[in-house]
Amino acid sequence: MKIIIKGRLPGLNEYIAAERTNRHAAAKMKREAQALVMLQVRRQIRRPLAEPVYMSYLWVEPNRKRDKSNICAYGRKIIEDALVKCGALKNDGWADIAGFADGFAVDKGYPRIEIDIQEDYQCTG
């Protein structure tokens, strides 16, 4: 299953800066980002996913200004929490998410996050 989240999410550096300024601002940032993801997820996933899942992320940024770990570290957390809140995943723990991979690309006109979700993933390694 593939889902696409249009736009980009706040990075870890943005979240840390908000947290240092005002913890309520940081909480608001996370709530708003999760709401954006949940809105798009609900349109694309209409049933619970068969767990465990393996998630391959493609982070498509409008430019190369943010470093890769800043983009995906916080973004994965927002997306996985949103999947749980939507009921697509029971939880986001070890038993539910077998693993993940990150790829990166640039598209100035269409920043997005593409997530390829492999359901009922059996780790052989």
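Two strands count as paired if DSSP finds at least two bridges between them. Helices (H or I, at least four residues) and strands (E, at least two) are DSSP runs, numbered from the N terminus. The model looked at here is predicted, with local features needing pLDDT of at least 70 and side-chain atom pairs counted only at pLDDT 80 or more, while totals for chains, interfaces and linings use all residues. Residues are numbered from 1 along each chain as its sequence is written, and side-chain values use heavy atoms, leaving out hydrogens and water.

Start with the sheet. Four strands, in the order β1-β4-β2-β3, make up an open sheet with mixed pairing. The edges are taken by β1 (2-6) and β3 (97-106), each with a single partner strand, so one side of each has no neighbour in the sheet. From one strand to the next, the twist averages 15 degrees. Strands β2 (residues 53-61) and β4 (residues 112-118) run antiparallel and are joined by 7 bridges; M55, for instance, has I117 in β4 as its bridge partner. On β4 there is also an antiparallel pairing with β1, through 5 bridges, and here K2 is partnered with D116 of β4.

Buried here means under 20% relative accessible area, with exposed over 50% and partly exposed in between (1.4 Å probe, protein chains only).

Q40 is buried, at a relative accessible area of 10%. Leaving aside residues up to four places away in sequence, Q40 touches I4, I5 and K6, where contact means heavy atoms within 4.5 Å. The Q40 side chain also reaches the backbone nitrogen of K6 at 2.6 Å.

Now for the helices. Helix α3 (residues 68-86) lies across β1, β2, β3 and β4, running at about 130 degrees to β2. Axes are lines fitted to C-alpha atoms, for helices over the stretch in contact, and angles run from 0 to 180 degrees between N-to-C directions. The α2 and α3 axes come within 9 Å and cross at roughly 60 degrees. The two helices are therefore oblique to each other, since angles under 35 degrees count as roughly parallel, over 145 as roughly antiparallel, 65 to 115 as roughly perpendicular and the rest as oblique. Residues making the contact include A33, V37 and V41 of α2 and Y74, I78 and A82 of α3.

Note on methods:
Polar contact = N/O pair within 3.5 Å; in protein donor to acceptor, adjacent residues only side chain to side chain.
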